[in-house]
Structures are given as C-alpha cells and as structure tokens.
Amino acid sequence: MDIFLQQVINGLVQGSLYALVALGYTMVYGIIELVNFAHGEVVMVGALVGLSVIERIASRGDTGWGVIAIGVLVAIPSCMALGLGIERVAYRPLRKAPRLAPLISAIGVSIALQQMAALIWGRNYLHYPDVLSNPQFHIGGAVITQVQLVILATTGILMLLTWLIVQKTALGRAMRASAQNPSVAGLMGVNVDRIIALTFLMGSGLAAVAGVLVGTYYGVGNHTMGFMLGLKAFTAAVLGGIGSLGGAMLGGLLLGVIENLGAGYLGSVTNGTIGSNYSDVLAFLMLIAVLVLRPSGLMGERGSEKV
Amino acid sequence: MSTLLEVKELVVRYGGIEAVKGINLHIHQGELVTLIGANGAGKTSTLNALAGLLKPASGEIRFEGELLNSSPIHQLIQRGLALVPEGRGVFPRLTVEENLAMGAYTRKDKPGMRADLNQVFESFPRLQERRQQKAGTLSGGEQQMLAIGRALMGRPKLLLLDEPSMGLAPLMVQTIFSVIQRVAKEGMTVFLVEQNARLALQSAQRAYVMEGGMIRFNASANECLSDPRVRLAYLGEDS
C-alpha cells in the first residue's frame, strides 16, 4: 500500500471539510472583523440535526445517499436560522462596542450552544446510522471510498459556488464593498446590516453541509464535536489568510494534508516516541509558525488592510 | 427656482463638543453652492450630517420638502443624495468598474446605467483605461475622479462634494473642477465644500462662509470674491 498517497487522499478529504467550515470564519471576519467562535457549534448543530433526521428515515429501512441528502436539506435551514439568530442576538447589539466585547459574546454563545445540544441530544457519542454501502476504489496503491469522493465533489462545488457569488454577483460586490468600507457602502445604498446577515446565512448553510458530511464520514457526533473542528477550521482560515476566500480553501486543504501526513509518518520517523495522535500538535504548531513568520497568512494581503 | 435642500438650526455634536452650532442654509434646484471656511470650521460635519453619516443633535434637514433626519443612511441615495466623501472613500480592492457599479447599486435600469457609465468614461478617460485595475492602485487624482464618477452613477439630484481638491496636484485639480463645473452646467445641483476658496468661488454661484461652527455670511460667489473679509481671511490678500 502506498502510505503517502493514501494519507494525501485522506488529508484532502479532511481538509476539504476544514475548508468548508473555514469559509464561514473567513467571510464573517472579512466583513465585521469578528472571529465567530460559535461557528464550530453551528457545524455541530448541523451534524446532530442531520443525524436525527437520518436516524428517523433510516429506522423505516430506507438507505442510500437520498437519506443523507434529506438530512442535509433539513440541517441547512436549521443552521441558517441559528446563524441569523446568533448574529442578531449576540453580535449586532455590540457592533459599535470595543472589539473584545463581541469576541467574548461569541465564546458565550459557543458554550451555550454546546450545553443546549447536550440537553437535546445527550452527552454520549451518537452513531450515524449505516445507510451507505460505501464501495471502495483503488487508485495507485491507495484506496478512496465513495463517501470520500462525494465529500470532495460536494465541497468542491460549494466552494466554487461561494467564490462565484462573492466575486461575480452584485450581492458579492456589495459584500466586498461593505467589508472594505461599510459607511461608504451605506452611502451607495447598501443596507450593511442586511449584508452582514446574509454573510452569516451563507456561512451557516456551508456549516450545515460540513456538519452532516463530517458525521457521515466519521460516523459519530456529539455536543463537543464542533470545538476541535472549529479550532482547526479557524487555523485553516488564518493559515490561508483570514478574510480571503481562496486562502480559506487553500489553508483547509493544506492543513488536512499536513495533519494526515503527520499521522502517517510521525510514529515511524520518531521510532514510536511520538505517535500519530500528535497530528493535532502538528496542526497548531503550523498555526504558530504562520502567525510568527507571515501573520497575514499565505494568501492574505500584507500590510495596510484598511485604507 | 424651487428649493431642493433646506437646513434649519442644524446642530452636530461629537460627545460634548459642538462642531456645528445651529446653522441655516438652502440650495435651489440647479445651483452650484459652495461652503468655504478654514480647517475645523465644521464644513465636513455639516456635509456628513446632510449625507446621513452623522446624526444631527438637533435641527431640520429637508430634501424636496421632506424631513431627512431620521432616514437610515442607505436610503438617502434612493432619495437623490450622493456624497463624495472626504478622502474619496473608494473601495481599494474593488476594480474601477466594480466601484462604479457600486455607485449604481440601487438602480435597476440597465440601459440608463450603461449610458451613465459611458458618460463617466467620457468625462474621465483615465478611468476607462484603468477599468480593470484595483482602485487602491490608482493615484490620488484618479481616485478622486473615481469617487465623483461613482457618485454620478447613482444619478443623484444633489451631489455633495467634500474637499475634492484635497492633496491633488494643480493640474489634477483643474481636471476635477472642470468636470464639476460641466456637471453643474448640465443641470446637476451641487453642494461643494472646499478649502481652496478661490477655486470654489470661481466655480460656484453662491457661497456660505463658515467659521467656528457657524455661518458667518452668505452671498453670491462674485460678492464673496470682492468682499474684503473673505479676501483677507480666505484668499490670502490684504484687500
């Protein structure tokens, strides 16, 4: 078996999920300069809502991708409503407050959502029902599963769609204008509050899809799953250059690949002193390195962001 | 002549400091009116209050007879007010074309927008050459052209200009002002805030002179040009 190729494939799949979540971080940061620490919890809610729906359908004996798709279709509006609510309740009233205030508010929302999820779904790991046959395909000396292929395709399409909306439509132009100079955007007739709400809406929709895909891929979910995932996706966004869409995508993929190569080789390289469970350490070491060496990230604009 | 804009007893405050202390002014349809005065006289505060960027502490702003004070900022362009802000305020990482498109954000009439875009490119050929360039890479003068062009893309009834000559080379100032004069001649109502009093008075029909947050006097631009007080204080001549 080709370990290298296998770890790259696994890394790309995991990284594409990071990237999808990272888009939510980076879009919100780009427009209101807030690290939305509750974003990981939105992913978690998406995963658990999806799980409940999928479980319900699976219990009638239905199987296949259609079941997952219904889970996604229910998770998306749920997460969108949640994202809008968070923005409305926890961030909008603090728009003119010092920057630390919304950040603390975000951490508060994150804890509150975790505990609410614990009340609804319990504190144990829940298992995604087995509704897929998940055939495997061989390429080179490695294996790629159907679930992996679907994840790559779905995230690829969604990232392309997000990019097109932001770069090519009037709405996206208004988003970018609001990010660069909100008061002048207001002069142009842009309702900046509405644009901010739409940004949360898009990010939360992507988070919902990411949540269900993560659940489907790893097979489990619980109320704390959003924490580490959110942290990794945030790392990916910073790695690529927070505020940059391309950066979030690149950062996500890169982080996934590095983590998985770490998991594949750390043990054998260090003769077992450091095991594959140290791959998280590798991810965060990278975050520190980027922050020290290139604070604006791989694709972030250097120097004066605000003119 | 009908009155387009009427300001009554306008007061603007920053914290405890009164920047504008109860001024009155009006602008008729089709006029080019200027507001001159030294740094810190309250000119920009006045203009920002008109454009909705600042909430007045008290007073009335009426546009076409209707009260503007409580309108949210993003509705003013639809009512016909466009501000070219101090320091231009272009979107640095949007292209020239995207900046101009933002000026027409609330419009739906595609053919009219295309015509206006061509008009802007005709007035400022430099912008056409650089249409795909990011606005942040333009020179100060080009950014000023872009800011004016962007405001015109909204087809306003009243164009508010804040210090369009600021920081520009003399030749560029000439270009900018000839466009302002032409736009005014074509019927646009313009309210021009300027530190370069001579240039402003030569372009305008009427002028308000502001000092310490109050309007000291208002007169026709020609009268101002020959008024000894103005000549001494703003034109640098000792009568």
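## Crossing helices in chain A

The axes of helix α6 (residues 170-180) of chain A and α8(A) come within 10 Å of each other, crossing at roughly 110°. Angles from 65 to 115 degrees count as roughly perpendicular, and α6(A) and α8(A) are therefore roughly perpendicular to each other. On the α6(A) side the contact uses A:Leu171, A:Ala174, A:Met175 and A:Ser178. On the α8(A) side it uses A:Val192, A:Ile195, A:Leu198, A:Thr199 and A:Met202. By class, the residues of this contact of α6(A) with α8(A) are 7 nonpolar and 2 polar, with no charged residue. These values, like those below, come from a predicted model.

A second pair in chain A is α1(A) and helix α9 (residues 225-240), which pack at an angle of about 70° with their axes 8 Å apart. That angle makes α1(A) roughly perpendicular to α9(A). From α1(A), the residues in contact are A:Tyr18, A:Val21, A:Ala22, A:Tyr25 and A:Thr26. Helix α9(A) contributes A:Leu229, A:Gly230, A:Leu231, A:Lys232, A:Ala233, A:Phe234, A:Ala236 and A:Ala237. The contact of α1(A) with α9(A) divides into 10 nonpolar residues, 2 polar and 1 charged.

## A cavity between helices of chain A

How many cavities of 30 Å³ or more does a search of the whole structure find? The search finds 4.

The largest share, 3 residues, comes from α8(A). The lining of the second largest cavity has 5 nonpolar and 6 polar residues, and no charged ones.

## An open sheet in chain B

Chain B contains an open sheet of 4 strands in the order β2-β1-β4-β5, with antiparallel pairing. Its edge strands are β2 (17-28) and β5 (66-67) of chain B, each of which pairs on one side only. Within the sheet, strand β1 (residues 3-14) and strand β4 (residues 58-63) of chain B run antiparallel and are joined by 5 bridges. B:Leu5 stands opposite B:Phe63 in β4(B). In a regular strand, side chains alternate between the two faces of the sheet.

Helix α1 (residues 43-51) of chain B lies across β1, β2 and β4 of chain B. This helix runs at about 115° to β1(B).

## The largest cavity

Which residues line the largest cavity? They are B:Ala49, B:Leu50, B:Gly52, B:Leu54, B:Lys55, B:Pro56, B:Ile61, B:Leu68, B:Asn69, B:Ser71 and B:Leu76. The space in the largest cavity is about 70 Å³. Its lining residues divide into 7 nonpolar, 3 polar and 1 charged.

## A hairpin in chain B

Strands β9 (residues 206-211) and β10 (residues 214-220) of chain B pair in the antiparallel sense over 6 bridges. In this pairing, B:Ala207 stands opposite B:Ala219 in β10(B). The hairpin of β9(B) and β10(B) has 2 residues between the strands, and in it B:Gly212 takes a positive phi near 55°.

Terms used. Residues numbered from 1 in each chain as written. Chains lettered and ligands numbered in written order. Predicted model: local features only at pLDDT ≥ 70, side-chain atom pairs only at ≥ 80, totals over all residues. Heavy atoms only, no water. Pairing = 2+ DSSP bridges. Contact = heavy atoms within 4.5 Å. Axes fitted to C-alpha atoms, helices over the stretch in contact; angles between N-to-C directions. 1 Å grid on protein atoms, 1.4 Å probe; cavity = no way out; pocket = protein on both sides within 12 Å on 5 of 7 lines; lining within 4 Å. Points joined across faces, edges and corners; volume = space filled by probe spheres on them. Nonpolar A, V, L, I, M, F, W, Y, C, P; charged D, E, K, R; others polar. Parallel < 35°, antiparallel > 145°, perpendicular 65-115°, else oblique.
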